Amino acid sequence: MASSLPISQEDLKNTLIDLKVIKKADWDAATNNARRRRRGVEEVLIERGFLNERYLYELISNKLDVPYVNLRKRKIDPKILTTIEEGLANEAHAIPFSLEGKTLKVAFVDPLDKKKIALVKKATKKKMEVFMTSYKNYLFATRLYEKNIKKELSDMLNTEVVSKDGKVSKIEIPVIKIIDAILEYAIFEQASDIHIEALPDAVVIRFRVDGDLHDKAELPASMHDALLARIKILANLRIDEHRVPQDGRFSFKIEDEEESVRVSIIPAFYGEKVVMRLMTDEAQNFTLEDIGFSEKNVKIMERQIKKPFGMILVVGPTGSGKTTTLYTVLNMLNTELVNICTIEDPIEYGVHRINQTQVNEKAGYTFATGLRSLLRQDPDIIMIGEIRDKETAQISVRAGLTGHLVLSTLHTNNASGAPPRLLDMGVEPFLAASTLNVVVAQRLVRRICIACIESFHLSKEALTSLSKEFDLEEMLQRFKVLGFAEKKIKSFDKLSFYKGKGCSRCGDSGYKKRVAVMEILENKDDVQASIIRNASSGEINKAAKAQGMVTIFEDGMQKALLGLTTIEEVLRIRKE
């Protein structure tokens with residue numbers, strides 16, 4: 001297949017060579033390979049690891065001065081999609097993806113084709129902003145014209161065929177197509193998890209989008225066993241086992257893009273329950289700022305990850321984004337100068353040039369035994385998926401003490417709870433105090449949709465309600481000390497907060513995607529002294545705040561004042 005890029009091959013070659021992404025010999029080898037396989041040269045360069053698709057299109061976007069949009073990462077409202085009819089979208093290779101005010105945002109495969117742009121503009125009769133997208137993204141988005149999960153699943157179940165003798169009969173239940181359709185819809189809606197739950201009279205399909213679960217479809221109860229069998233086959237699990245939990249993973253492709261799925265199955269009253277987590281590779285491209293680190297916290301983490309040994313812990317409940325934070329830090333550390341080894345349960349993202357291993361308890365490969373093996377692999381940096389037991393905790397601390405940088409997660413509610421938890425696991429206080437570099441505690445809150453954001457001041461009723469729980473005057477003074485609020489503000493009611501009105505882009509929810517709120521405990525002198533004397537988490541928290549730590553709640557309030565999230569979201573996570 002010829003290249004679908006909107007710039008010439010010569011321009012692409014010169015740009016990549018000038019930026020020292022490739023050498024001329026690399027280009028010549030990739031060109032010969034592409035010609036032989038009838039593919040675009042850029043596809044070969046991506047395959048060979050010189051760059052990724054996102055970097056390539058952002059580079060071209062900068063060169064053409066046309067913004068790039070990844071349609072696979074956008075949730076497109078069906079109403080916006082209908083502003084350009086399907087036939088015209090196919091002719092112009094264009095997809096409308098957002099309407100802001102009276103301006104329609106349209107992604108073109110070739111944003112330099114003036115005829116196609118004029119054609120779309122004439123048809124929509126709207127003010128238009130042109131974006132660039134990849135051909136694969138365009139193909140992915142065109143399928144949304146046909147998508148309606150309830151209708152599609154219903155059509156599959158009610159399809160009839162005419163046999164040779166002229167009789168009409170229903171075809172065999174197309175389980176493979178149904179599972180494929182469910183997975184595709186989940187990708188289209190940017191779901192993080194798919195739940196398949198058995199009820200007495202139905203099987204319910206639910207998607208988790210931006211942290212909230214939504215019912216999407218119901219299938220006949222008689223289909224439950226067939227659906228489970230198909231998922232177990234995909235995930236290489238035992239199809240004859242129904243009494244114990246099982247975990248696995250598999251991959252599938254949509255428009256040549258590979259997606260990974262982590263599967264968890266547990267026995268339930270009406271039949272086995274399935275949760276499939278969609279493992280997007282987006283986390284591999286995040287920066288600390290992307291996931292929610294404030295400017296102050298970014299500086300702390302950059303300082304801490306430069307240390308050649310010690311321990312970095314990320315804590316919080318399940319679903320708080322700990323793994324994403326760990327992988328973001330790992331990618332910052334991932335250079336040719338270091339050997340990074342991991343032991344995970346399971347491996348959530350495959351990372352180039354990191355030696356990743358997975359727990360296999362049946363084979364005797366646990367976190368503790370795996371960690372011992374990794375220490376014989378000459379590692380500079382070790383990532384442990386989770387510290388769950390005494391043995392793993394003790395080996396991890398010793399590894400951090402003997403010249404390795406150790407990254408891991410722990411289940412505690414806040415940063416100051418991590419040191420006492422390690423001591424509970426049998427780690428000596430002086431070892432924990434010497435090894436622990438930093439603890440990051442976090443939660444996830446929903447982001448305000450930037451397309452419909454508006455500011456407001458808290459009402460008298462809201463202020464009265466808040467004052468029953470907080471000393472608002474004291475809180476305002478604390479915000480001034482931390483730099484969250486201007487010193488000229490005299491009272492809490494003068495602070496501006498934000499919310500989303502609700503629009504087509506966010507499905508009228510006022511929210512789109514999520515961001516982490518966090519606290520970072522640095523193991524400085526006062527905190528270290530508290531750990532050595534086996535102080536409570538409350539005492540450690542007090543010492544950390546005295547040395548400048550911003551708590552999760554305070555970080556959340558800063559994000560509420562900056563318009564990243566709402567005060568309601570911050571109050572919600574405070575109660576967790």
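**Entry: ground rules.** I am working with a predicted model, in which local features need pLDDT of at least 70, side-chain atom pairs count only at pLDDT 80 or more, and totals for chains, interfaces and linings use all residues. Residues are numbered from 1 along each chain as its sequence is written, and side-chain values use heavy atoms, with hydrogens and water left out.

**Entry: aromatic pairs.** I counted rings of Phe, Tyr and Trp (its six-membered ring) as a pair if their centres lie within 6.5 Å, with planes under 30 degrees apart called stacked, over 60 edge-to-face and the rest tilted. The count by this rule is 8 aromatic pairs. I noted tyrosine 57 and tyrosine 68 as stacked, because their ring centres are 5.4 Å apart and their planes stand at 20°. This pair links distant parts of the chain, with tyrosine 57 in helix α4 (residues 53–64) and tyrosine 68 in the loop between α4 and α5 (78–81), 11 residues apart. Helices here are DSSP runs of H or I with at least four residues, strands are runs of E with at least two, and both are numbered from the N terminus.

I then checked burial, where buried means under 20% relative accessible area, exposed over 50%, and partly exposed in between (1.4 Å probe, protein chains only). Tyrosine 57 is buried at 5%, and tyrosine 68 is buried at 16%.

Next I took phenylalanine 479 and phenylalanine 492, whose ring centres are 6.4 Å apart with planes at 40°, so the pair is tilted. Phenylalanine 479 belongs to helix α20 (residues 472–482), while phenylalanine 492 is in the loop between α20 and β19 (497–500), 13 residues apart. Phenylalanine 479 counts as buried at 1% relative accessibility, and phenylalanine 492 is buried at 5%.

**Entry: charges over rings.** The charged end of arginine 446 sits over the ring of tyrosine 511, 4.0 Å from its centre. Lysine 499 lies over the face of phenylalanine 456, 5.3 Å from the ring centre.

**Entry: aspartate 526.** I found aspartate 526 in helix α21 (residues 525–532). Is aspartate 526 buried or partly exposed? Aspartate 526 is partly exposed, with a relative accessible area of 49%. Leaving out residues up to four places away in sequence, aspartate 526 touches Ala543 and Gln547; contact means heavy atoms within 4.5 Å.

**Entry: lining classes.** The lining of the largest cavity has 4 nonpolar, 2 polar and 1 charged residues. For the second largest pocket I noted 6 nonpolar, 5 polar and 10 charged residues. Helix α13 (residues 295–304) gives the most to the cavity lining, with 3 residues. In the pocket lining, the largest share, 4 residues, comes from α20.

Conventions: Nonpolar A, V, L, I, M, F, W, Y, C, P; charged D, E, K, R; others polar. Lys NZ or Arg CZ within 6 Å of the ring centre and 35° of its normal.
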